[in-house]
Amino acid sequence: MPENTPLRSTQSTPAAPKIEHFVADVEQTPLQATDSLNEQAAPLSMWAEAWKNLRRQPLFVISALLILLALVVAFFPGLFVQVSPTQCDLINSNEGPSGGHPLGFTLQGCDVYARVIRGAQASLAVGVFSTIGVVIIGGTLGAVAGYYGGWIDAVLARLADIFFALPLILGAIVINSLPYVREHRSVWTVVATLVVLGWPQIARITRGAVIEVRNADFVVAAQSLGVSRVKALLTHVIPNSLSPVIVIATVSLGIFIVAEATMSFLGIGLPGTVMSWGNDIASAQTSLRDNPTTLLWPALALSITVLSFIMLGDAVRDALDPKARKR
Amino acid sequence: MSKDRVQITEEDSSVPRPLLELRDLAITFDTASGEVPAVRNANLTIMPGETVAIVGESGSGKSTTALAAIGLLPENGRVSGGRILFDGEDLTKADNKRIIELRGRSIGMVPQDPMSNLNPVWKIGYQVKETLRANNLARKDVDVQVAEVLADAGLPDAAQRAKQYPHEFSGGMRQRALIAIGLSCSPRLLIADEPTSALDVTVQRQILDHLATMTAELGTAVLLITHDLGLAAERAEKVVVMYKGRVVESGPALEILRNPRHPYTQRLVASAPSLASQRIKSAKTSSVESADVLLPKSEATVSKSDDVIEVRNLTKVYKLRGGKGAGADFKAVDDVSFDIKRGSTLAVVGESGSGKSTVAKMVLNLEKPTSGKIIFDGTDLTALDKKALFDFRRRVQPIFQDPYGSLDPMYNIYRTIEEPLRVHNIGDKKSREAKVRELLDQVALPASSMRRFPNELSGGQRQRVAVARALALDPEIVICDEAVSALDVLVQAQILNLLADLQAELGLTYLFITHDLAVVRQIADHVCVMEKGKVVEAGTTDQVFNDPAQAYTRALLDAIPGSRLELPPEVA
Amino acid sequence: MLRFIIRRVLQVIPVFIGSTLLVYFLVFSMSGSPIDALSGGKPISPAVVAQLTAQYHLDQPFIAQYGIFIKNLFTFNLGPSFSGQPIASIIARAFPVTARLAVMALAIEAIFGVTAGVIAGLRKGKLFDGTVLLASLVVIAIPTFVLGFLLQFVVGVKLEWAKPTVSSGANWGDLILPAVVLGLVSFAYVLRLTRTSILENMNADYVRTATAKGLSRPRVVMVHILRNSLIPVVTFLGADLGGLMGGAIVTEGIFNVPGVGNTLYRAVLSGEGPMVVSIVSILVLVFVLANLLVDLLYAWLDPRIRYA
């Protein structure tokens with residue numbers, strides 16, 4: 001740039017009126033202390049703030065209450081039903097509602113209400129334990145891959161790709177063709193199947209979140225304080241990478257419950273002796289044309305539970321959104 | 001367009017009428033916690049062809065005011081009172097169609113952040129072309145026209161460049177493209193919202209010079225928004241100072257600078273780094289010893305002032321993956337040597353990519369040098385074992401740039417400051433809490449802030465917490481990597497004063513990494529100027545500032561906004 | 001760009017080998033030899049055993065068996081099924097049916113999902129947004145087979161708008177109802193993804209700049225918001241094609257579609273190892289290739305990726 005570039009954009013025209021020097025009334029625009037701290041407000045951690053936001057969201061309140069209800073039903077089914085779900089009488093086959101049997105009977109003559117209540121336990125157990133499993137395995141592998149990078153990351157990424165390339169149902173079918181699994185079918189085989197096929201997703205999310213945090217100044221600062229690499233991962237990086245993982249885990253819990261139902265429908269899920277919503281829906285298909293309600297009730301219970309978890313995940317996502325809580 | 005022109009010629013004969021006039025403008029935001037007034041009673045007049053600057057700190061309402069003039073308030077914001085008169089037409093009453101008509105053609109905009117303001121999936125040329133087309137100004141040979149527009153904005157090789165995507169452009173080139181877009185329709189008013197704050201000073205200077213030339217040629221009036229009073233005074237005839245949503249003072253630029261009347265403006269003028277020419281001297285009483293080291297002249301006479309850090313032939317080479325010819329090397333730091341005397345401040349100055357931050361990381365022992373030595377108090381850092389390294393960490397502490405990134409958002413202030421004590425097993429719970437209180441007091445934060453979380457603090461307060469954490473282990477050396485660059489001017493002055501006080505009190509040694517020469521003048525005893533990995537000039541601050549030996553240093557000094565203003569000595 | 005393509009193609013190979021090896025290992029090494037499955041535990045003559053051993057290369061080490069299988073897979077020489085028909089010709093009959101079903105489902109989810117998502121995103125917080133958002137959640141929460149039953153029952157049996165089951169020809173018309181069922185869940189995901197993406201881009205700085213340039217609202221929406229928002233959606237859709245083919249097993253079961261999923265399901269029930277491995281491997285290949293194409297598509301759509 002030449003030395004004689006004009007500093008101002010205009011050669012001010014002589015006709016231009018003189019610029020007035022205005023000063024606001026100091027009374028009306030009082031000078032405040034630079035950068036003062038509001039000492040009145042109560043301290044808020046990120047979680048406390050998220051909780052404050054969540055409490056006000058009707059979506060959150062409704063889904064949380066529904067999940068609470070589902071958990072109570074799963075843990076204490078006796079509170080809700082006295083009729084045995086397994087004492088079935090073919091006389092009652094496909095009967096409508098009657099006294100003490102508000103939802104009628106299945107084809108086998110079992111009480112639908114009792115089965116819906118008792119079925120909660122297995123369905124929720126699959127959802128909860130599968131989620132715990134994928135978070136532990138996927139979370140650990142994802143965090144390690146993201147934090148250390150390099151060849152560890154490359155190897156784990158390919159490993160995740162290999163499992164990712166098996167669509168859930170295909171993978172479940174293959175795993176269930178193992179004689180050991182076929183002969184010992186239980187909640188645990190279903191959980192194991194879902195964990196084996198579901199961990200890459202959580203691993204990817206965790207890896208991404210960890211990569212975002214690992215180079216943050218506060219991690220570098222911790223290392224220059226003398227905090228070891230592993231300790232910095234545990235005390236700084238992981239706690240700050242949790243929110244996306246929590247969100248995905250919540251949604252996944254719902255998806256796993258659906259997956260259990262689908263697996264049970266295909267005959268590769270829970271054994272018929274275990275009462276679950278999935279099994280009940282699967283067995284109700286034969287009487288769909290005569291008595292659709294036997295399918296409707298367990299399906300409704302399952303869908304509402306799943307919906308609650310997905311809505312909870314949505315609400316938590318909004319509450320933890322870094323864009324929303326900046327500053 | 002022609003209609004507008006006709007009006008101008010009519011006006012020219014009589015008394016000129018303001019191009020843009022804000023009268024008692026009020027802007028309100030609807031937020032979760034109710035209506036928040038963002039701007040109140042704002043008055044502003046821009047004559048045709050005039051450059052007016054709005055100056056204020058973040059949150060003062062300066063950008064909001066300007067955006068309102070072009071109808072670009074965020075969704076939850078609205079003009080809640082007053083008038084916006086553009087060439088006599090009240091824009092608060094204009095319909096959407098009229099506003100779209102005015103945008104681009106009558107009022108152009110150059111936004112703040114060149115990295116995010118170009119659409120990444122369209123070629124630069126297309127983004128210029130669509131501007132011309134939308135305003136019905138595209139010629140038949142529109143590609144030639146686009147190249148002309150880009151070339152006018154100072155983009156070299158414009159015809160080829162137009163075929164590239166934004167990510168292939170450097171920050172300065174993107175800003176030129178944005179200026180080309182903003183001026184492509186020869187608007188009568190250009191709103192420039194911090195157009196260069198994201199760029200290196202020398203680039204900033206070039207771009208502002210070019211913008212001034214272009215707007216002068218086109219006769220475009222400019223509304224310049226900036227946080228930098230020096231820059232405003234240098235570039236505008238008229239300065240409007242905003243504070244907490246209100247205009248507190250406005251008038252001729254130099255007049256405001258020389259004779260600020262509102263207490264806020266006075267404070268702003270007093271602490272603007274670009275206008276200061278002296279090293280901050282601690283107001284606190286300091287011991288004879290530390291006072292001695294504060295003044296560079298006394299170094300030779302004081303035997304105690306030894307070199308606490310000696311850096312010798314430091315080199316860092318990064319292997320670049322990919323690219324043409326596998327394994328191309330990139331020398332981030334090239335044969336750098338310097339010493340820091342105990343109790344003094346060395347500033348390493350350079351633009352982005354100069355390697356200054358890599359030097360800081362190596363001195364902190366977070367990166368291994370490719371070759372060369374860092375000798376800390378007589379021992380070579382590159383040869384430390386694990387135990388020695390752990391002890392070293394106690395003696396050298398960093399403060400980083402981004403006050404939003406340097407504190408763990410999950411840790412409250414107490415845990416943040418206590419962490420170094422805990423890691424090094426210093427004291428028990430009680431004595432640690434006493435130490436945290438003492439540290440908070442040192443950085444002038446109330447003890448009640450202990451239970452707070454970083455997200456509740458302002459940028460300046462966070463930086464104070466970072467200072468307190470750095471001081472927790474009573475280090476000898478503090479490495480400040482752009483520690484004040486992200487702060488508003490007044491807050492920046494506060495932190496710089498705090499650092500100077502602490503140095504006087506505790507005899508600290510600072511290694512100050514910065515791109516901002518104005519800050520260097522305020523804090524440093526010695527300066528190293530880095531360019532492309534090499535030290536191009538080193539010396540005492542006075543030497544380098546008063547008698548720069550290298551052309552690069554001169555260019556840097558020249559680019560400090562406000563450096564070319566002639567001010568009476570009492571202000572300077 | 002070429003380097004990127006080569007690197008990406010090379011990455012596919014270990015993934016494909018890993019996945020198929022895993023499947024091969026699970027199905028054969030652990031579930032017993034096909035001889036046992038074929039004989040059903042009854043004693044068979046040594047001659048037959050010898051013949052089967054040769055046919056399935058059981059005398060070779062595991063890795064060699066796998067290698068022969070992969071070679072056969074790519075030469076489409078997969079041996080006979082238990083029923084005596086060549087596996088290759090069974091797959092060749094079933095595969096087009098499933099492909100047709102998946103493509104139809106993909107078209108349904110793309111057209112309706114993107115449209116609804118765009119409208120919802122542009123009108124955030126309005127009635128339409130709320131309604132489709134809730135509807136998408138409900139669709140995700142209900143298992144596909146329940147939705148399948150309900151649609152089959154209501155549309156097929158009660159209203160008789162469509163045939164509740166599919167004829168052996170499985171022509172396009174027959175497959176509409178199954179395709180809707182198959183595409184429903186993905187439709188919900190597409191809708192939500194589109195909406196989120198639109199919302200993100202609406203507040204981008206470059207959208208504000210585009211508005212400041214004097215562009216009309218429709219132009220800003222089309223050129224700057226939509227184009228950028230649809231990049232992740234298009235990539236999701238591409239990857240979903242592989243997922244739909246693998247996931248069609250439930251839908252095919254409900255509507256009795258003579259596709260790959262149905263064939264696979266029957267093979268699993270009868271313990272027909274070679275058939276299971278062949279079909280799963282082919283589906284994995286489709287999935288991996290679909291993902292590869294999507295990555296290349298992504299690089300083409302988003303210039304930032306191209307030179308990475």
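Modeller: A residue is called buried when its relative accessible area is under 20%, exposed when that area is over 50%, and partly exposed in between, with a 1.4 Å probe and the protein chains only. By that rule, 58% of the 572 residues of chain B count as buried. This is a predicted model, in which local features need pLDDT of at least 70 and side-chain atom pairs count only at pLDDT 80 or more, while totals for chains, interfaces and linings use all residues. Residues are numbered from 1 along each chain as its sequence is written, chains are lettered from A and ligands numbered from 1 in the order in which they are written, and side-chain values use heavy atoms, leaving out hydrogens and water.

Biologist: How many helices and strands are there in chain B?

Modeller: Helices (H or I, at least four residues) and strands (E, at least two) are DSSP runs numbered from the N terminus, and chain B has 21 helices and 20 strands. With contact taken as heavy atoms within 4.5 Å, residues 24 or more positions apart account for 70% of the contacts in chain B that have a separation of 6 or more.

Biologist: Which residues of chain B does the UniProt annotation "domain: ABC transporter" cover?

Modeller: UniProt positions are given here in the numbering of the model, with feature names shortened, and annotations may be inferred rather than shown by experiment. The unreviewed entry places that domain at residues 20-269 and 309-557 of chain B; in the span 20-269, which is 37% helix and 28% strand, the end C-alpha atoms lie 27 Å apart. In chain A, the annotation "domain: ABC transmembrane type-1", also from an unreviewed entry, covers residues 120-313, a span that is 82% helix and 0% strand, with end C-alpha atoms 20 Å apart.

Biologist: What is phi of Lys244(B), and where does Lys244(B) lie?

Modeller: Most residues other than glycine have a negative phi. Phi of Lys244(B), however, is near 50°, and this residue lies in the loop between strand E9 (238-243) and strand E10 (246-252), where it is partly exposed at a relative accessible area of 40%. Lys532(B) also has a positive phi, near 50°, in the loop between strand E19 (526-531) and strand E20 (534-540), and at 67% relative accessibility it counts as exposed.

Biologist: Is Thr541(B) buried or exposed?

Modeller: Thr541(B) is buried, because its relative accessibility is 5%. Its place is in helix H20 (residues 541-546), and, neighbours within four places in sequence aside, its contacts include Val520(B), Ala524(B) and His526(B).

Biologist: Which residues touch the most other members of the largest nonpolar core?

Modeller: A nonpolar core is a set of buried Ala, Val, Leu, Ile, Met, Phe, Trp, Tyr and Cys residues joined through side-chain atoms within 4.5 Å. The largest holds 163 residues, and among those touching the most other members are Phe265(A), Phe69(C) and Val280(C). Apart from it lies another core, of 56 residues, among them Leu445(B) and Val544(B). As for Val280(C), its contacts beyond four places in sequence are Leu166(A), Leu170(A), Val174(A), Val23(C) and Leu264(C).

Biologist: What area do chain B and chain A bury between them?

Modeller: Buried area is the accessible area (1.4 Å probe) that two parts lose on being put together, summed over both, and here it is about 5,600 Å², 57% of it on carbon and sulfur atoms. In chain B, Met410(B), Arg452(B) and Asn455(B) lose the most area to chain A, together 11% of what that side buries. The contact takes 75 residues from chain B and 51 residues from chain A, with zero salt bridges counted between them, a salt bridge being a side-chain nitrogen of Lys or Arg within 4 Å of a carboxyl oxygen of Asp or Glu.
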